[in-house]
Amino acid sequence: MKMTKVVPFAMSALLLGGAIGAPTASANEGEPTVINAETSVQQVQPIFIKVTGTVENVEVRENATYYTVVDGDNTNIVIANKDSLVFDNMGKEAKLQKGNKVSAYSYAKKPMLAIYPPQYNPEVIIVETEEMGSVEVDFFNKDLVDTENNLKLNVGEDTKLASATGKDVKVDDLKEQHLMVFYTIATMSIPAQTPPSKVIVLDTIEKEEPVEVDPVPTPEPAPVDSEVQEIINKDFYEVDGTKMVPLRLIAEKLGFKVEVTPKGAIVSKGALSYTITRGQKEYGYNKALRQFKVAPALLESGKTYVPVEFVEELTK
């Protein structure tokens, strides 16, 4: 992987307002961004799905290694091969081992198998260490600001630049690209500004070109079965304005088979299959990945509840 140093940036402007330890939380994980706690909440579609936890099992297969990553009640499988990008949180190349605390970033629009536990083939895997280093994996615009206006890059002469494919990289090559950013300090501003120690262009992800299509009328939602509507009216609760309804009762009423899993359920009918995981907004649709506004939850009654919009999905 080739590295390049670039022209220095005025650090006095960067440090205006004081520098602090880099924030570790990232809105890129798909959590809602609070604009005004009293007025509105903006739901953000993540560019990358972030999976965190500790490697508890390692299974070496013919072409890849499967790492079982556990975080509390959540279990995920992270798949890596010889070409996987694996670094520690300071930007050094690392090797995954049992017991490592890791963060894996998978491109959200990449197809995903509807299987439990969920399996990810991430673009980036970070081994978390005791060092004070942070990592941001996201799409950065022409001003080198991430998708949620949380972080702006001020590239300096000490910043190492590289690409996933080994190409030479200049500062202009960072604009409007998916990037892996390593940094240690950031200003107390909106967005926070940082002089990154290392930036890697994830040029293995193809940029999407806009496609012009003829406008089509929005179809009317399919009518909801009267018995299903009765279930919705009688058995629901609300989270942030989203009505949550019982999954099994409604799915079976619509002719779906519901197979209970340790963390949720697999709902299927014919060629359709949905994999629902409690506490996780992402759900599997055949081999694709979709997202709820609110994560499914288990109530004391032993029933899994999902956003009512999922009923429309089942009735299409």
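# Questions on a predicted model

Q: In which loop is the place of D240?
A: The model is a predicted one, in which local features need pLDDT of at least 70, side-chain atom pairs count only at pLDDT 80 or more, and totals for chains, interfaces and linings use all residues. Residues are numbered from 1 along each chain as its sequence is written, and side-chain values use heavy atoms, with hydrogens and water left out. Helices (H or I, at least four residues) and strands (E, at least two) are DSSP runs, numbered from the N terminus. On that numbering, D240 sits in the loop between β18 (237-239) and β19 (242-246).

Q: Is D240 buried or exposed?
A: Buried means under 20% relative accessible area, exposed over 50%, and partly exposed in between, with a 1.4 Å probe and protein chains only. Because D240 has a relative accessible area of 67%, this residue counts as exposed.

Q: What is the phi of D240?
A: Most residues other than glycine have a negative phi. D240 is a residue other than glycine with a positive value, and its phi is near 50°.

Q: How does N149 count in terms of relative accessibility?
A: N149 also has a positive phi, about 60°, although it is not a glycine. This residue lies in the loop between β11 and β12 (151-153). Because its relative accessibility is 38%, N149 counts as partly exposed.

Q: Which strands stand at the edges of the open sheet of 4 strands?
A: Two strands are taken to pair if DSSP finds at least two bridges between them. The open sheet has mixed pairing and the order β11-β14-β17-β13. Two of these strands have a single partner strand each, so one side of each is left without a neighbour in the sheet, and they are β11 (134-140) and β13 (160-163).

Q: Which residues touch the most other members of the largest nonpolar core?
A: A nonpolar core is a set of buried Ala, Val, Leu, Ile, Met, Phe, Trp, Tyr and Cys residues joined through side-chain atoms within 4.5 Å. Of the 21 residues in the largest one, those that touch the most other members are I250, V267, Y274, I276, F310 and L314.

Q: Which residues does I250 touch, not counting those up to four places away in sequence?
A: Contact means heavy atoms within 4.5 Å. Leaving out residues up to four places away, the partners of I250 are V228, I231, I232, V245 and V311.

Q: Which element gives the largest share of the lining of the largest cavity?
A: On a 1 Å grid over the protein atoms alone, a cavity is a set of points where a 1.4 Å probe fits but cannot get out, and lining residues have an atom within 4 Å of a point. The largest cavity is lined by 13 residues, of which M112, P118, T275, Y283 and G284 lie nearest its centre. The elements that give two or more residues to this lining are β22 and β23, and the largest share, 3 residues, comes from β23.

Q: Is S273 buried or exposed?
A: S273 is found in strand β22. Leaving aside neighbours within four places in sequence, S273 is in contact with A114, I266, V267, S268, G284, Y285 and N286. Because its relative accessible area is 19%, S273 is buried.

Q: What distance separates the C-alpha atoms of Y120 and S106?
A: Y120 lies in strand β9 (residues 119-120) and, at 4% relative accessibility, counts as buried. Among the residues that Y120 touches beyond four places in sequence are I49, V51, M112, Q280 and S106. Y120 and S106 are 14 residues apart along the chain, and their C-alpha atoms are separated by 6.7 Å.

Terms used: 1 Å grid on protein atoms, 1.4 Å probe; cavity = no way out; pocket = protein on both sides within 12 Å on 5 of 7 lines; lining within 4 Å.
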